[in-house]
Amino acid sequence: MKALVFEAPDRAGVVEREAPEIGPDEVLIRSRAVGICHSDFELLEGRYIIPVSYPIVPGHEWSGEVVEVGSGVEGLRAGDAVVGECVVGPEGRDHFGFSIDGADAEYFKARGEWLHKLPEGTSHSVGALVEPFSVAYNAVLTAGGMDASDTVAVIGGGPIGLLTVIAALAHNARVVLVEPQAQRRAFALEQGAHAALDPAAADFADAVEELTQGRGFDVVIEAAGAPRAMASALEIAGQRARVVYVGIDVGSSVEAKLGLIQSKALQIRGVIGSPGIWPKTIRFLASGVVDPTPIVTSTFPLGDALSALDAARDTTSNIKVHIQAGA
């Protein structure tokens, strides 16, 4: 079978491998759609957030079809469409597609307890977006009680930020994207965002003032993970605003007006991933209230996975790139 393998830091290739054999607690899955994430590049560059070893098959945003079920696995059978969680193992010590071989192969294996069945009629393209959408959905839920009375700023127009825009719109909020790239701002407007602002524009502060009628944003969700953007969340938040940090930055520092936390009585939460809400996320997506698939801007066959990686690096042309191993 074909597999995309990160053979060592900064060395990737599509190789032929034997299909994996499963144990009694495992499931053999045929890959159908796999998303490329920024963290895949961190893995390729040798700087992932937990210890990993090479060679490794990436792929943690995936959807697939059950081929074979181990004798100890209940509730699954051949032909089921499934997705699987990334943070797995005791106390989340392993990350699927990072410390454990992932889904960028024609066939791969996973433990039964990591898997969730997709409702009938849910496409594999949607299935491969469950993982990133669950992160965005978690950020919106963490903001608490979002509705049409809220003007919400989403900082950062990457895949998580744009999926956060989509999730917040589904809660009837008035949503504003804050993002320097014009094409990402245009995409947010196409999805129904009320406005999209360039944080580097000379009139940015005036635009925030006008959009919020001088009170600042009721909710700010920081999805960029850039230190300056993280600091700016405090500045554009209104009195008693809910501020949620979902963008990831490890080890950087920046000046921030921390006194605003107290003077504005801000409610600040940090979220990491989406523990415990995958079933709810799947039901939400299956309801049809949102369609996240427009963020998938390019799709490549598994045999052309290296070109898929190049396309995913080109953030001016692509938002989310998918790899497909089969129809």
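Helices (H or I, at least four residues) and strands (E, at least two) are DSSP runs, numbered from the N terminus. This is a predicted model, where local features need pLDDT of at least 70, side-chain atom pairs count only at pLDDT 80 or more, and totals for chains, interfaces and linings use all residues. Residues are numbered from 1 along each chain as its sequence is written, and side-chain values use heavy atoms, with hydrogens and water left out.

**View 1. Asp 203 sits in the loop between β12 (195–197) and α6 (204–211).** Here Asp 203 counts as partly exposed, at 46% relative accessibility. For these labels, buried means under 20% relative accessible area, exposed over 50%, and partly exposed in between (1.4 Å probe, protein chains only).

View 2. With a relative accessible area of 4%, Asp 104 is buried. Leaving out neighbours within four places in sequence, the contacts of Asp 104 (heavy atoms within 4.5 Å) include Ala 3, Leu 4, Val 57 and Ile 323. From Asp 104 to Glu 61, 43 residues apart along the chain, the C-alpha separation is 9.6 Å.

**View 3. Lys 320 and Glu 61 form a salt bridge, with the closest N and O atoms 2.9 Å apart.** Lys 320 belongs to strand β17 (residues 320–324) and Glu 61 to strand β4 (residues 61–69), so the pair ties together parts 259 residues apart in sequence. Both Lys 320 and Glu 61 are buried. A salt bridge here is a side-chain nitrogen of Lys or Arg within 4 Å of a carboxyl oxygen of Asp or Glu; the structure holds 16 of them.
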